[in-house]
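Student: I'd like to go through the aromatic contacts in this one. Can you walk me through them?
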Amino acid sequence: MGKRPGRRRANAGIVVVAALVALPFVPLFLWTFAGEWRFPDLLPSEWSPRGIHYLLEPGGRVFEASANSLLIAGAVALASVAVGLPAGMALGGYAFRLKGLVVFFILLPILVPPLASTMGIHLTFIRLGLADTAFGVFLVHLVPTVPYTAIILASVFADRTGELESAARTLGASAWQAFRHVTLPGVAPGVAVAGLFAFLISWSQYILTVLIGGGQVVTLPMLLFSAASGNDPVITSALALVFVAPAVLVLVVALRYLKPEAPDGGKGLVGLGKAS
Amino acid sequence: MSVRLELEGVSHRYARDGDPALADLSISVEPGELVALLGPSGCGKTTALKVVAGLLAPTAGDVRVDGRSVLGTPPERRRAAMVFQKPLLFPHMDVAANVGFGLRMRGAPKKDSASRVREALRQVQMESLANRRPGELSGGQQQRVALARALVTDPQLLLMDEPLSALDANLRSEMRDLVKQLQRDGGVTAVFVTHDQEEAVVLADRIALLFDGVLQMYDRPQAFYDRPASRAVAGFFGATNFLEGRAANGTVRTPLGKLRLARPAPTGDVVLTIRPEALRLEGGENSFAARIASATYLGTQVDYTLETGGARLRAALPPHVRLGVGEEVTVRLPPESLWTLER
Amino acid sequence: MTLGDRTKIVLLLAPALLVIGVLFSGGLAAALVQSLGYLPAIGRTEVSFAAYREVLGSRDFLDSLILTLYVAGASTGISTVLAVLAALSLRRSSGRVSAVVFQLPITIPHLVAAVGIALVVSQTGLGARLAAALGLIGEPREFPALLYDRYSIGIILTYVWKEVPFIALVVLAALRGVAGELEEVARTLGASAWQRFWYVIFPVIAPGVVAASLIVFAFTFGAFEIPYLLGQTYPTILPVMAYNEYRALDLGARPVAMAINVLIAVITAAIAAAYLRLGRDLGRG
């Protein structure tokens, strides 16, 4: 009866779920620092800094790939917010004819794999000289990220009634001043979250980068992919840990600034799973 | 068939080391009686209701129905139907299915339950909307359906948690009458939670007033006006005139002057209270000269602040008495309207 | 709505519509054109449905479609059932803790999940080592092959690890909100635990669960990375098949690759439409 036994059961359940969630990370951590780990040993028999050395090798491929990934994902995040913010304002703040159709159109790249459209556009990119360039990769990364920023920001603007802006206007603020001093600070956390998600989605892209970058633009997931297809679990695990770092960082930041209890708090994060 | 409900020493804490939401509450509700649990928000009244329903387990104390403890009975077998602040109709069922839900859960025969549902809907004047979905109803209509849904199961206890607070004023008084009529007709023992003292006074046979989880007073509504148990209780019921003084031999010496009491009072330090509407503009016993300091027109009455030599008094007078600020009057505090509280 | 408002809305939407219109819809249109055999770059300008005839008539495509439907269906079905069970058993836990536990797999890139799970379930992985320690197997090859296998177990496991939390969070939000309150009502009206689940909780959370499952199905239907990394060589799932055709040195195979792409797009777009339709019906309540 009452809440207490239910709560205890739930706490036991969460331990089980947490263990299952953590499970794939166990071999990743162990392999990263393993020297010798033969079957059927449960733990490595020797430890080695080889994985770490590979990551930190001066002038190495990991360094270059990380820099490329950071640069592209950073630019994608900024551009997605710049494009998604006005769209979010329109979708969240106004009712208009054909809105359902517009939402469908904007959401489509989330559900229809961008792989199909990217193969289609590849020839055009070659003709325009965008293939095999970081800028070309940046452009196709916008396809999966813009829908997310637009939808996240639409829900941010939908929660605003416009009353605060009206109050500011009656106190003498111009339309621009009201936007600058009332709207923007109000939506800033949502904008930050949308930008972080766009960053993560771009950071996680593999196939779009391969198609348009043509091997000339090397990013972290490409190193990880080729390591994973090979036969060196130490290098694979070390790369995987580096690759996962920003995701963990974003999660920590987002959980700190978003209320997970709020029905909308997790929405953006939830959607992210589909694109990375 | 009506049952007696008793709460004995019921306490509840939400967190193990937190303040109790409800502390040592003991009240008994007679068969067929409607009791209001009244108090400001956060006073523990909803907690008490959920303990009676079985949705919360008390950390101490006992809940008895007709003398038998029900703490071991899960909510679904307590026959304590609850109406919540929100209508909480099942969105995937039409009105009739919502009302019939409890009968269906208990495996009542279809034909029998169909006619009981019709009857319950008739009682709340919703029979014409039996096939509507909850989303198509107004807030008041939804709450009427919720009431029918609780009553149709023929519960031993009807528990209502601020069921009218989400409705607008006109609808609220109409619904209040409906609740009272249905409860009377069915003779079901009922507990009604509210923060609105007027609602409690109109509806309840008895009121239990709670502050911070502690019972302040449990009595008939009239008693809260005539014989409040404390200054806080009197204040909650709108009393504003408090005069501190020393009582001896049936009189009290106050800053206003010497006041005679109609009832014998203990000797010592006391607080006298008198309701604003009990003050009279006339001479005689317990009367004093006063000046009007302010007047506020409230439609059905006028609120005056009166300055006397030693105190300020609030008086509520009918609107046809027109007095201007600064006017000199004589005010009388009738002895039978004075109530003595210990200090 | 004033004319000014309309202009403003159009201007606000323009950048996003432009990006998606050119890079996504334009790309799909180009894929469609190329699938019809129109490839001026290699001197082909006549338009035909030959590629579609070839694709739809081929054994490879059929095998691939069946595999794709199987992987997407199994991943979605297993994830949905596990997610509902997990949400039901965890709903009284601390919101913050369950949020962290569930958000983590959602945020982790699929590629990392695939690598980690591969190192757990491979024949020399953590699972096999545990089995050996328990004396269940003696050699790696005695451990069941869960990677690159006929049943795509590794792929499905990775999707399940990623998608259970996604659906579970949707269900948890519903359970902690109105479904929880409605359950209390049902309780005071005499409904037993099973009756409360079947008559109240399940119908209330079902639309959200179906919507989340549709997203998962569409995603697993069209996703590339995990099957490419953990899948067998034949048959492959549709996006991998399209990619392999695309990479073929013979440019003549390109219409076939594009035809497969168009078919993937049509199927997932239909799912998207169903999803939005469901959302709108929910919004109407």
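Tutor: Let's take the ring pairs, then the charges over rings. Keep in mind that this is a predicted model.

Student: How many aromatic pairs are there over all chains?

Tutor: The search of the whole structure gives 23. One of them is Phe225(A) with Tyr228(C), a tilted pair. The ring centres are 5.6 Å apart, with 35 degrees between the planes.

Student: Why does that pair join two chains?

Tutor: Phe225(A) sits in helix α11 of chain A and Tyr228(C) in helix α9 of chain C, so the contact runs between chains.

Student: Is Phe225(A) buried or exposed?

Tutor: Phe225(A) is buried, because its relative accessibility is 4% and the cut-off for buried is under 20%. Tyr228(C), at 25%, counts as partly exposed.

Student: Which edge-to-face pair can you show me in chain C?

Tutor: Take Tyr159(C) and Phe219(C). Their centres are 6.4 Å apart and their planes are at 85 degrees. Tyr159(C) belongs to helix α7 and Phe219(C) to helix α8, 60 residues apart. Tyr159(C) is buried at 0% relative accessibility. Phe219(C) is buried too, at 13%.

Student: Back to Phe225(A). Which cluster is it part of?

Tutor: Ring pairs connect Phe225(A) with Tyr206(A), Phe224(C), Tyr228(C) and Tyr243(C).

Student: New topic. Where does the charged end of Arg149(B) sit?

Tutor: Over the ring of Phe90(B), 4.8 Å from the ring centre. Also in chain B, Arg231(B) lies over the face of Phe242(B), at 4.4 Å from the centre of that ring.

Key. Residues are numbered from 1 along each chain as its sequence is written. Chains are lettered from A and ligands numbered from 1 in the order in which they are written. This is a predicted model: local features need pLDDT of at least 70, side-chain atom pairs count only at pLDDT 80 or more; totals for chains, interfaces and linings use all residues. Side-chain values use heavy atoms; hydrogens and water are left out. Rings of Phe, Tyr and Trp (its six-membered ring) pair if their centres lie within 6.5 Å; planes under 30 degrees apart count as stacked, over 60 as edge-to-face and the rest as tilted. Helices (H or I, at least four residues) and strands (E, at least two) are DSSP runs, numbered from the N terminus. Buried means under 20% relative accessible area, exposed over 50%, partly exposed in between (1.4 Å probe, protein chains only). A charge sits over a ring if NZ of Lys or CZ of Arg is within 6 Å of the ring centre and within 35 degrees of the ring normal.
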